[in-house]
Amino acid sequence: MCPRDNGHEIHFVHFGHSFRRDNDGVYDTHMHQHAFQAKRKIIYRFYILQERISKELRVRMNEWKEIIVLLNAIMSWQKNWFPAITVTCVTSLYLYMWLVNCSILNMIWTAGLCAALLDCIVCGPFQRILPPSSWDKDKERTFTEISEWVADCWVTTKLYMGRFFNLRKTHTKLFHSVLSVSFFSLLYIGTTFNNLFISYITIMGILLFPGFKTKSEYIEDSLQRYAHQMLSGDDDDASS
């Protein structure tokens with residue numbers, strides 16, 4: 001054992017391992033380096049998987065890139081009247097479903113039929129009608145950012161789901177308790193409220209969330225101005 005005093009810390013070597021001792025105790029520096037290297041390997045694999053998925057998405061969705069960029073513009077509220085398009089389309093769809101009162105299976109078959117017809121139109125006549133000059137560098141950058149964001153969400157979700165299902169081996173009681181409470185809560189909500197209304201609120205929130213996120217400062221300033229005008233109007237009425 002070879003101790004080395006370094007101010008408030010003492011470094012010493014024992015059987016090929018480097019240790020550090022300070023006021024908090026003794027630490028194995030080799031173990032810390034091994035943990036740091038393992039974390040770096042996980043981050044590197046995460047990055048490589050994200051890049052691979054992003055490239056695959058750009059290749060597979062190449063024919064849909066114009067539609068994807070347009071939908072991104074609508075969901076991010078690049079124009080002030082874009083939220084009205086989202087609200088109108090979703091509300092009209094759910095109003096039709098409520099009036100027709102179709103079953104869940106018929107809804108799935110109808111959605112599949114619409115998706116197949118839309119894919120046929122986008123991959124066929126739409127590509128021939130669309131001029132090549134309509135695609136520019138800004139749209140390409142937006143399409144790349146969307147692909148990277150989707151890949152990041154997919155890899156992150158897969159990582160956390162893997163960690164959660166690992167609890168089945170390491171913390172069995174916690175795993176089954178979380179699952180039981182979650183499914184019981186969803187069952188209670190489903191039996192208490194109308195399922196169509198819950199799905200309407202959920203879909204509307206998901207589609208409007210990106211716009212709220214990008215326009216949060218603008219919305220906050222607008223609400224503050226509106227509240228200030230209301231308060232000032234009340235003060236004027238009270239003074240008069």
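**Pockets and helix contacts of the predicted chain**

The residues that line the second largest pocket divide into six nonpolar, five polar and no charged (Ala, Val, Leu, Ile, Met, Phe, Trp, Tyr, Cys and Pro count as nonpolar, Asp, Glu, Lys and Arg as charged, and the others, Gly among them, as polar). The model is a predicted one, in which local features need pLDDT of at least 70 and side-chain atom pairs count only at pLDDT 80 or more, while totals for chains, interfaces and linings use all residues. Residues are numbered from 1 along each chain as its sequence is written, and side-chain values use heavy atoms, with hydrogens and water left out.

The space in this second largest pocket amounts to about 260 Å³, a volume being the space filled by probe spheres set on grid points joined across faces, edges and corners. A pocket is here an open set of points on a 1 Å grid over the protein atoms alone where a 1.4 Å probe fits, with protein on both sides within 12 Å along at least five of seven lines, and lining residues have an atom within 4 Å of a point. The lining is formed by Met97, Trp98, Asn101, Cys102, Ser103, Ile104, Met107, Asn194, Asn195, Leu196 and Ser199.

The largest pocket holds about 1,400 Å³ of space. It is lined by 38 residues, among which Leu71, Met75, Val90, Ile206 and Leu207 are the closest to the centre of the pocket. Two or more lining residues are given by each of α2, α3, α4 (104-123), α6 and α8 (195-214), and α3 gives the most, with nine residues. By class, the lining of the largest pocket comprises 28 nonpolar, eight polar and two charged residues.

As to the chain as a whole, nine helices and four strands are present, these being DSSP runs (H or I of at least four residues for helices, E of at least two for strands) numbered from the N terminus. The order of the elements from the N terminus on is β-β-β-β-α-α-α-α-α-α-α-α-α. Of the 240 residues, 16% count as buried (under 20% relative accessible area, with exposed over 50% and partly exposed in between, for a 1.4 Å probe and protein chains only). Among contacts (heavy atoms within 4.5 Å) between residues at least 6 apart in sequence, 56% join residues at least 24 apart.

Helix α2, which spans residues 65-75, has Lys65, Glu66, Ile68, Val69, Ala73 and Ile74 as buried residues, and the elements that cover them include α3 (82-100), α5 (125-129) and α6 (137-170). The axes of α2 and α6 come within 10 Å of each other and cross at roughly 80°, axes being lines fitted to C-alpha atoms, for helices over the stretch in contact, with angles running from 0 to 180 degrees between N-to-C directions. The two helices α2 and α6 are therefore roughly perpendicular (65 to 115 degrees, with under 35 counted as roughly parallel, over 145 as roughly antiparallel and the rest as oblique). Lys65, Glu66, Ile68, Val69 and Asn72 of α2 and Lys139, Thr142, Phe143 and Ile146 of α6 make the contact, which by class has four nonpolar, two polar and three charged residues.

A further helix pair is formed by α6 and α7 (residues 172-192), whose axes come within 6 Å and cross at roughly 130°, so that α6 is oblique to α7. On the side of α6 the contact is made by Phe164, Phe165, Leu167, Arg168, Lys169 and Thr170, and on the side of α7 by Thr172, Leu174, Phe175, Val178 and Leu179. Seven nonpolar, two polar and two charged residues take part in this contact of α6 with α7.

Two single residues complete the description. Tryptophan 77, in the loop between α2 and α3, has a positive phi of about 60° although it is not a glycine; most residues other than glycine have a negative phi. Tryptophan 77 is buried, with a relative accessible area of 10%. Cysteine 123 is placed in helix α4 and counts as partly exposed, at 29% relative accessibility. Residues up to four places away in sequence not being counted, cysteine 123 touches Glu63 and Trp64. Cysteine 123 and glutamate 63 are 60 residues apart in sequence, with a C-alpha to C-alpha separation of 6.1 Å in space.
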